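Please read it alongside the sequence and the coordinates.

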Amino acid sequence: MTASDPSVTVETGATVGVAYEADSEPPDIGAESLVRNGSIVYDDVVTGRGFTTGHFALVRERTTLGEDVLVGTQAVVDGATAVGDRVSMQTGVYVPRETRIGDDVFLGPSATLLNDPYPVRTATDLDGPTIEDGVSVGANATVLPDVRVGEDAFVAAGSVVTDDVPAGTLAVGAPATHRDLPPELRGGNDL
């Protein structure tokens with residue numbers, strides 16, 4: 001861990017380095033990072049420069065986060081996940097194991113990604129969604145397991161995404177239907 005790096009701030013009440021196996025390795029927190037009070041970062045987590053948490057965020061083991069990633073207040077990254085650069089996960093976001101998130105992605109408040117198609121009913125491999133570069137997911141939207149949300153797509157608030165979303169498309173409704181991306185939503189995210 002780069003906690004000895006004076007540019008890394010771990011606030012009082014935050015926990016950086018939770019062992020989950022006897023041979024787990026302490027997390028590697030990138031320079032110029034801030035882990036806020038109440039947040040927990042497990043072992044075997046690697047973050048890039050400028051990693052920031054809100055209060056009481058959780059980042060579980062075997063997760064890699066790129067540069068300038070925000071894991072907001074009470075957001076959960078449940079481990080074994082790859083996150084790109086310039087990603088903003090707002091308050092209450094849930095990211096399950098086996099999820100892939102590209103660069104320049106915005107996940108709005110309480111957005112929920114899922115990885116288990118038959119919770120508690122049928123044993124199956126967990127496979128989270130793939131969120132490609134430049135995607136925006138609105139508040140309280142849900143993206144189901146093994147769904148791919150294409151580059152620069154926009155998922156409207158409250159939508160339930162059950163099928164792949166083509167690149168540059170608007171997904172809206174429950175279940176979400178696909179529409180042309182309106183001009184005001186084109187051009188990618190400015191994070």
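## Charged pairs, strands and core

Arg-100 counts as partly exposed, at 33% relative accessibility. The model it belongs to is a predicted one, and the side chain of Arg-100 meets that of Asp-127 in a salt bridge, with 3.2 Å from N to O. Because Arg-100 lies in strand E14 (residues 100-101) and Asp-127 in the loop between strand E16 (112-113) and strand E17 (130-131), the pair ties together parts that are 27 residues apart in sequence. Asp-127 is itself partly exposed, at 27% relative accessibility.

In total, the count of salt bridges comes to eight. Three of them are set out below.

| Salt bridge | N to O distance |
|---|---|
| Arg-100 and Asp-127 | 3.2 Å |
| Asp-78 and Arg-60 | 3.7 Å |
| Glu-132 and Arg-148 | 2.7 Å |

The salt bridge between Glu-132 and Arg-148 ties together parts 16 residues apart in sequence, since Glu-132 lies in the loop between E17 and strand E18 (136-137) and Arg-148 in strand E20. Glu-132 is partly exposed at 24% relative accessibility, and Arg-148 is likewise classed as partly exposed, at 39%.

The salt bridge of Asp-78 with Arg-60 links distant parts of the chain, with Asp-78 in the loop between E10 and strand E11 (82-83) and Arg-60 in the loop between E7 and E8, 18 residues apart. Here Asp-78 is buried, with a relative accessible area of 18%, whereas Arg-60 is partly exposed at 23%. Both residues belong to a network of salt bridges that links Arg-60, Glu-61, Asp-78 and Arg-97. Arg-60 also lies over the face of Tyr-42, at 4.6 Å from the ring centre, while the structure holds zero aromatic pairs.

An open sheet of six strands has the order E5-E8-E11-E14-E17-E20, with parallel pairing. Its edge strands, each of which pairs on one side only, are E5 (45-47) and E20 (148-149). Three bridges join E5 to E8, and Val-45 stands opposite Thr-63 in E8.

Strands E23 and E24, by contrast, pair in the antiparallel sense over five bridges, with Ala-171 having His-178 in E24 as its bridge partner. These two strands form a hairpin with two residues between them. The loop between E23 (169-173) and E24 (176-180) contains Pro-175, and a cis peptide bond, with omega of about -5°, joins Ala-174 and Pro-175.

Val-161, in strand E22 (residues 160-161), is buried, with a relative accessible area of 0%. Leaving aside neighbours within four places in sequence, its contacts are Thr-142, Val-143, Leu-144, Val-147, Val-155, Ala-171 and Ala-176. Val-161 and Val-172 are 11 residues apart in sequence and 8.1 Å apart in space, C-alpha to C-alpha.

The largest nonpolar core has 40 residues, and those with the most contacts inside it are Leu-65, Val-71, Met-89, Ile-101, Leu-107 and Val-149. Beyond residues up to four places away in sequence, Val-71 touches several residues, including Phe-51, Ala-57, Val-59, Leu-65, Val-77 and Met-89.

Two loop residues have a positive phi without being glycine. Arg-62, with phi of about 60°, sits in the loop between E7 (58-59) and E8 (63-65) and is partly exposed, with a relative accessible area of 42%. Gln-74, with phi near 60°, lies in the loop between E9 (70-71) and E10 (76-77) and is exposed at 52% relative accessible area.

Key:
Residues numbered from 1 in each chain as written. Predicted model: local features only at pLDDT ≥ 70, side-chain atom pairs only at ≥ 80, totals over all residues. Heavy atoms only, no water. Helix = DSSP H or I, 4+ residues; strand = E, 2+ residues; numbered from the N terminus. Buried < 20%, exposed > 50% of the residue type's maximum accessible area, 1.4 Å probe, protein only. Contact = heavy atoms within 4.5 Å. Phe/Tyr/Trp six-rings, centres within 6.5 Å; stacked < 30°, edge-to-face > 60°. Lys NZ or Arg CZ within 6 Å of the ring centre and 35° of its normal. Pairing = 2+ DSSP bridges. Core = buried A, V, L, I, M, F, W, Y, C linked by side-chain atoms within 4.5 Å. Salt bridge = Lys/Arg side-chain N within 4 Å of Asp/Glu carboxyl O.
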